[in-house]
Amino acid sequence: MNKAEYKNVFVFAEQREGKIQAVAIELLGKARSLADSLEEEVYAILLGGKDIEQNAQTLIAYGADKVILAMDKELENYTTESYAQAITQIVNQYKPSIILLGATTIGRDLGPRLSARLTTGLTADCTKLEISEEKELLMTRPAFGGNLMATIICSEHRPQMSTVRPGVMKAMIKDTSRKGEIISFEIKFNKDKFRVRIKETIKEKSNMIDISDAKVLVSGGRGVGTEKGFNFLKELATELNAEVAASRAMVDAGLVEHKRQVGQTGQTVRPDLYLAFGISGAIQHVAGMEESEFIVAINKDRYAPIMQIADLGIVGDCKKIIPALIDRLKSRTKE
Amino acid sequence: MKIVVCIKQVPDTTEVKLDPVTGTLIRDGVPSIMNPDDKSGLELALELKDKFNAEVTVLTMGPMQAEAILREAFAMGVDRAILLTDRRFAGADTLATSNALAGAIKTLEYDLVIAGRQAIDGDTAQVGPQIAEHLDIPQVSYLQNLEYDGNKTFTIKKQTEDGYQIVEVDSPCLVTVLSTANNPRYMTVKGIMEAYDKEVEIWSADKIDVDEAKLGLKGSPTKVKKAFTKGVKSAGEVYEVDTEEAIGIIISKLTEKFII
């Protein structure tokens, strides 16, 4: 492989039902800084059925220099094979040096399939991306639970691929005056390989919340107790106009839906305020919330790991503190 | 029907603690377990065995001690267990791992390949889809439920961010299973007794038809350049006070942050 042939930073601009996903916008911001240090360009790959052209301008406003736009009815709904074929053809023609994908259910399905097809490396869930002096992509990700960080390189293969979770990178400020080029690309599909048939796509309201968007999170762990404890937590969240989040233990116990799980196997969040009730602070959990602006931890155990990262720690029993806090907030409202 | 289930032995990361002073991991005494998503994948296979008399093979790659999870799989009811172990497999990233596993699967007969969605030690969720690509079969990831028509079609419920999808796929195919898909059965006493009489097949790299350049560290496009601990963030103020005073402190902080 002649590495010198591979240039420019590509972002998979994931859209669902015509709506560009926030993570794609965040990735464009990162791609912009990577491309600037390489003195290369940012390309967005926009795939869809129809009526997605208007999104191309948005991608340019958020940092793309060029948008490769492929519209085909085979791309209207995501399937692994149609998207893998499309991106493979684009990669073979444009030879990108770097491809970034959001670590969404789609990105995590598509990324590894592509990496195997392109015979290149893929680094999952990167928290930091930079360019080395040798012009290589340095991909840093948490390993073995979160406290250990590993910087990964992909020296001999191109493109260098990484996925990044939603909320990890910061988007650029939208600049509608930015100019860019939109390139239409026609995909030649091998339809014999389309072997997964979508029968139904169902949206569930309970799944619509995205805790990574919340400014304030009221998060509960083992110390909150069972269902009764969580009902108090929900009430507190309502009082504070916050979203409820939880540690893995609570999700595994079936008290909270997975969508609200913070941590390595859940969401990465960085709210303005993170209230951790009865969460001991296992490293997997901390990996998902330590970037929060301000962390308040309430825990019985003075020496729980969460106290190490909290800006404010309260040693106490959540089962007493939460109801008392709700009462106080309610009496305040009356005043 | 023949099913191959890929499983992995992982450290029970929920048991890993941090040294509060140095910020390093305390790994001593951390038990090894069968990865939870993989265990649910195995349960799915065993349910198909119960209903359709499927033949279930478990496959893992790792050091000799990974045999423990294959014995556990025997005790849960699988028919055959294979351990890929060889120094030539060592240091593999996800792509090199998938090359080895796919190489082994190619020597077996299969209608369905099952993997867990992701392992709790790496959380990459890559090896399943990469195996599917090497085998040139379709994949369905994030499986919550699977129905089999007894002939060749699977109807699968897969999780998405905002709900779920129902998809249909014919065998052969690969699925990656969520740990929430089912509750894995316990080992039976009889199963445990019998597990120790069964043979775990030990395969070296010679047993699979994969170019050595695609295995282990040599076959890994990604390399760890450096690993480091993040160290301990300096802790803030900690108050050990009664409930009434605690409420006061929290309320004043909420006010200061303009939350209330």
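Where in chain B is the place of B:Pro172? I looked this up and placed B:Pro172 in the loop between β11 (163-170) and β12 (173-177) of chain B, with strands (E, at least two residues) and helices (H or I, at least four) taken as DSSP runs numbered from the N terminus. The peptide bond that leads from B:Ser171 into B:Pro172 is cis, and its omega is near 0 degrees.

Before going on I note that this is a predicted model, in which local features need pLDDT of at least 70 and side-chain atom pairs count only at pLDDT 80 or more, while totals for chains, interfaces and linings use all residues. Residues are numbered from 1 along each chain as its sequence is written, chains are lettered from A and ligands numbered from 1 in the order in which they are written, and side-chain values use heavy atoms, with hydrogens and water left out.

**Backbone of chain A**

I found a cis peptide bond from A:Arg158 to A:Pro159 as well, with omega near -5 degrees, and A:Pro159 lies in the loop between β10 (148-153) and β11 of chain A. In the segment before β1 of chain A I noted A:Asn8, a residue other than glycine whose phi is positive, near 80 degrees.

**Interface of chains A and B**

I looked up the contact (heavy atoms within 4.5 Å) and found that 79 residues of chain A and 80 residues of chain B take part. The buried area, meaning the accessible area (1.4 Å probe) that the two parts lose on being put together, summed over both, is about 7,600 Å², and carbon and sulfur atoms give 56% of it.

Across this interface I find nine salt bridges, each a side-chain nitrogen of Lys or Arg within 4 Å of a carboxyl oxygen of Asp or Glu. I checked the salt bridge of A:Arg197 with B:Asp170, in which the closest N and O atoms are 3.1 Å apart.

I then turned to strand pairing (at least two bridges found by DSSP), and saw that β18 (residues 312-315) of chain A pairs in the parallel sense with β15 (residues 237-239) of chain B over three bridges. In this pairing A:Ile314 stands opposite B:Tyr239.

**Pairs within chain A**

Over all chains the search gives 39 salt bridges. I followed the one between A:Asp125 and A:Arg165, whose closest N and O atoms are 3.4 Å apart; it links distant parts of the chain, 40 residues apart, with A:Asp125 in the loop between β7 (122-123) and β8 (128-131) and A:Arg165 in the loop between β11 (160-164) and β12 (181-184).

For aromatic rings of Phe, Tyr and Trp (its six-membered ring), pairs need centres within 6.5 Å, and planes under 30 degrees apart count as stacked, over 60 as edge-to-face and the rest as tilted; the count comes to nine pairs over all chains. The pair of A:Phe10 and A:Tyr43 is stacked, because the ring centres are 4.5 Å apart and the planes are at 5 degrees.
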